[in-house]
Amino acid sequence: GMLLQKLTTREPDDQQLEVALASIKAALFLEEKYKLKEADKKLLKKEEVDLDGAASIETTNSSLKDFLE
């Protein structure tokens, strides 16, 4: 099993890491903006999401640690 994993698994390249980090930032931004940590129901419809632009995502106060809790 470990040999097969070594053959089929590679470290992500820089572009893949950038996409992953951007996705995490977007998720953290939405969690903070819509107060999803305190919500009874953690489901948003596409129509409910109002992004003020991509720059808003950069200003989130959440961290990766908060996302993993």
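1. Glutamate 31 lies in helix H2 of what is a predicted model. Its relative accessibility is 17%, and buried means under 20%, so glutamate 31 counts as buried.

2. Although buried, glutamate 31 forms no salt bridge. The nearest side chain of opposite charge belongs to lysine 37, at 4.5 Å; a salt bridge would need a side-chain nitrogen of Lys or Arg within 4 Å of a carboxyl oxygen. With neighbours within four places in sequence set aside, the contacts of glutamate 31 are Leu36 and Lys37.

3. Helix H2 covers residues 14-33, which is 20 residues.

4. Which residues of H2 are buried? They are Leu28, Phe29 and Glu31. These residues take up an arc of only 160° around the axis, and therefore sit on the same side of H2. The other side of the helix has Gln15, Glu18 and Val19, which are exposed.

5. Two details concern the ends of H2. At its start, a side-chain oxygen of aspartate 13 comes to within 3.1 Å of the backbone nitrogen of glutamine 15. Glutamine 15 is also one of the exposed residues named above. Just after H2, lysine 35 has a positive phi of about 50°.

Conventions: Residues are numbered from 1 along each chain as its sequence is written. This is a predicted model: local features need pLDDT of at least 70, side-chain atom pairs count only at pLDDT 80 or more; totals for chains, interfaces and linings use all residues. Side-chain values use heavy atoms; hydrogens and water are left out. Helices (H or I, at least four residues) and strands (E, at least two) are DSSP runs, numbered from the N terminus. The expected span of a helix is 1.5 Å times one less than its number of residues. Buried means under 20% relative accessible area, exposed over 50%, partly exposed in between (1.4 Å probe, protein chains only). The arc is that of the directions from the helix axis to the C-beta atoms. A polar contact is a pair of N or O atoms within 3.5 Å; within protein, one must be able to donate a hydrogen and the other to accept it, and residues adjacent in sequence count only if both atoms are side-chain atoms. Lys and Arg count as positive and Asp and Glu as negative; His and the chain ends are not counted. Contact means heavy atoms within 4.5 Å.
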